Number of protein chains: 2
Amino acid sequence: MGPPMRYQLYYWPGIQGRGEYVRLALEEAGADYADVARSGHGMAAMMKMMEGNSSPPPFAPPFLKAGKLVIGQTANILLYLGARHGLAPKAEAGRLWVHQLQLTIADFVTEVHDTHHPIGVSLYYEDQRAPAKKRTEEFWKDRVPKYLDYFERLLERSGGSYITGRRLTYVDLSLFQLVEGLRYAFPKRMKAFERNIPGLVDLHDRVANRPNIKSYIESDRRIAFNEDGIFRHYRELDI
Amino acid sequence: MGPPMRYQLYYWPGIQGRGEYVRLALEEAGADYADVARSGHGMAAMMKMMEGNSSPPPFAPPFLKAGKLVIGQTANILLYLGARHGLAPKAEAGRLWVHQLQLTIADFVTEVHDTHHPIGVSLYYEDQRAPAKKRTEEFWKDRVPKYLDYFERLLERSGGSYITGRRLTYVDLSLFQLVEGLRYAFPKRMKAFERNIPGLVDLHDRVANRPNIKSYIESDRRIAFNEDGIFRHYRELDI
């Protein structure tokens with residue numbers, strides 16, 4: 001192996017979005033990376049990659065350039081980084097298991113997004129407020145309990161502080177982000193719900209206090225939550 | 001390696017659903033498998049696995065038992081099977097690339113599902129017909145063109161008959177299923193749209209004529225499309 005690689009992360013510059021799961025892994029690993037679209041001509045560079053004139057284009061950001069590889073899809077990027085930075089088990093069974101959990105998190109993230117965009121991504125939230133309200137009700141009645149209770153149960157049986165046991169994986173970082181995001185988007189609903197998931201709340205705090213994550217969160221590399229991202233705070237959806 | 005493994009696929013017995021992407025890979029590979037929940041006490045066995053008393057439970061079907069491994073999430077199962085049955089490139093770059101494409105297909109499948117269930121999976125279609133109509137409009141205006149044109153462009157530049165070139169991968173099988181499903185659910189809309197995707201239509205036909213796929217489609221192992229699955233035909237959504 002040569003010197004450590006400098007990764008290039010391509011993602012929309014103004015939001016945490018799906019890029020954040022990758023940023024958290026890179027930060028925890030202490031990896032060297034550029035958040036390309038946030039600097040200089042970065043957006044133009046990202047759009048050029050997506051035209052795919054030289055190599056086959058990814059469907060959408062985030063994607064990661066790692067040497068000659070261009071890897072798209074959040075969970076796929078984490079599969080790659082996990083193996084290289086000790087953020088996933090080495091053996092096949094463990095590697096597939098944490099990837100499976102990350103894909104379940106990805107499904108949940110899509111459902112979070114659809115609370116404010118149940119009809120279509122190309123429409124404004126303001127044009128789908130009534131269905132958003134209904135979808136959010138269903139989301140908190142059925143989906144949040146289903147997903148978060150599942151992860152809570154896994155934590156209970158893990159035999160350690162993290163989802164697979166005593167060692168942190170990228171899944172723990174993503175679960176931290178889910179708790180953060182739900183607290184931002186739905187502070188009242190989440191406050192009431194947290195009594196059901198003491199293990200996930202503990203996990204969140206444990207991740208927040210890891211030195212690399214702590215200094216990342218306090219830095220300006222961490223973009224603040226906002227209403228262009230996936231976790232959005234609309235007061236009428238949080239009642 | 002010992003004798004060929006007998007896989008156990010766990011999926012809801014009455015629908016193609018997400019299990020179908022796994023079935024197509026197993027059938028193309030000529031693998032030995034049981035479609036557990038479709039026989040005898042299979043449903044009870046599946047529910048027991050999901051309680052996870054012995055091993056950590058998957059979040060949802062489909063999942064595949066392969067020896068001691070229990071692998072969940074459709075794309076993750078295909079990642080595993082692809083490597084073992086020559087349905088994916090062996091080198092890391094190619095392996096990650098086809099997995100990335102499969103994850104993009106998974107995103108599209110979720111959007112297909114949400115055309116008839118934009119408000120919530122626990123509600124009946126009949127209780128969300130108006131938003132379903134709007135979401136379906138957006139789906140055909142923006143999302144179908146975005147996804148299918150993307151795959152069409154990849155096919156054009158692949159330099160072969162399949163998405164990665166001259167060799168079939170599990171992604172080609174899944175693209176076949178997308179064309180089949182859209183034809184079933186939206187025959188009028190799809191008929192009009194197919195002129196934009198001649199490469200995907202050719203690919204569909206090529207996959208349909210592969211001997212193992214052909215005999216699978218003609219067998220009673222292939223469940224017919226129906227209105228409990230992901231691709232559903234509701235006449236009012238196909239105008």
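Which side chains meet in a salt bridge at 2.8 Å, N to O? Those of Arg221(B) and Glu27(B) do. The notes below start from that pair.

This is a predicted model: local features need pLDDT of at least 70, side-chain atom pairs count only at pLDDT 80 or more, and totals for chains, interfaces and linings use all residues. Residues are numbered from 1 along each chain as its sequence is written, chains are lettered from A and ligands numbered from 1 in the order in which they are written, and side-chain values use heavy atoms, with hydrogens and water left out.

1. **The Arg221(B)–Glu27(B) pair.** A salt bridge here is a side-chain nitrogen of Lys or Arg within 4 Å of a carboxyl oxygen of Asp or Glu. The side chains of Arg221(B) and Glu27(B) meet at 2.8 Å. This pair links distant parts of the chain, 194 residues apart. Arg221(B) is in the segment after α9 (211-218) of chain B, and Glu27(B) is in helix α1 of chain B. Helices (H or I, at least four residues) and strands (E, at least two) are DSSP runs, numbered from the N terminus. Glu27(B) counts as buried because its relative accessibility is 8%. Arg221(B), at 36%, is partly exposed. The cut-offs are under 20% relative accessible area for buried, over 50% for exposed and partly exposed in between (1.4 Å probe, protein chains only).

2. **Asp35(B) and its two arginines.** Arg23(B) and Asp35(B) form a salt bridge at 2.7 Å, N to O. They are 12 residues apart: Arg23(B) sits in helix α1 (residues 19-29) of chain B, Asp35(B) in strand β2 (residues 32-35) of chain B. Arg23(B) is buried, at 0% relative accessibility. Asp35(B) is buried as well, at 14%. Asp35(B) also meets the side chain of Arg38(B) in a salt bridge, at 3.7 Å, N to O. Arg38(B) is partly exposed, because its relative accessibility is 34%.

3. **Salt bridges elsewhere.** Over all chains, the count comes to 34 salt bridges. In chain A, a network of salt bridges links Glu20(A), Arg23(A), Asp35(A), Arg38(A), Glu180(A) and Arg222(A).

4. **The sheet in chain A.** Four strands make an open sheet in the order β2-β1-β3-β4 (chain A), with mixed pairing. Its edge strands, β2 (32-35) and β4 (69-72) of chain A, each pair on one side only. Neighbouring strands are turned by 20° against each other on average, direction ignored. Axes for such angles are lines fitted to C-alpha atoms, for helices over the stretch in contact, and angles run from 0 to 180 degrees between N-to-C directions. Two strands pair if DSSP finds at least two bridges between them.

5. **Pairings of β3(A).** Strand β1 (residues 6-10) of chain A runs antiparallel to strand β3 (residues 63-66) of chain A, and three bridges join them. There, Leu9(A) has Leu64(A) as its bridge partner. β3(A) and β4(A) are also antiparallel, over four bridges. Lys65(A) has its bridge partner, Val70(A), in β4(A). These two strands form a hairpin with two residues between them. Check Gly67(A) in the turn: its phi is positive, about 65°.

6. **The sheet in chain B.** Chain B has an open sheet of four strands in the order β2-β1-β3-β4, with mixed pairing. The edge strands are β2 and β4 (69-72) of chain B. Twist averages 20° from one strand to the next. Strands β1 (residues 6-10) and β3 (residues 63-66) of chain B pair in the antiparallel sense over three bridges. Leu9(B) stands opposite Leu64(B).

7. Trp12(A), Met43(A) and Met47(A) make a nonpolar surface patch of about 250 Å². Patches are made of residues with over 30% relative accessible area and no salt bridge: like charges are joined within 9 Å, nonpolar side chains (Val, Leu, Ile, Met, Phe, Trp, Tyr) within 5 Å. Accessible areas come from the Shrake-Rupley method with a 1.4 Å probe; for residues, only the protein chains shown count as cover. Met43(A) lies in helix α2 (residues 42-51) of chain A and is partly exposed, at 32%. Met47(B), in helix α2 (residues 42-51) of chain B, is partly exposed at 34%.
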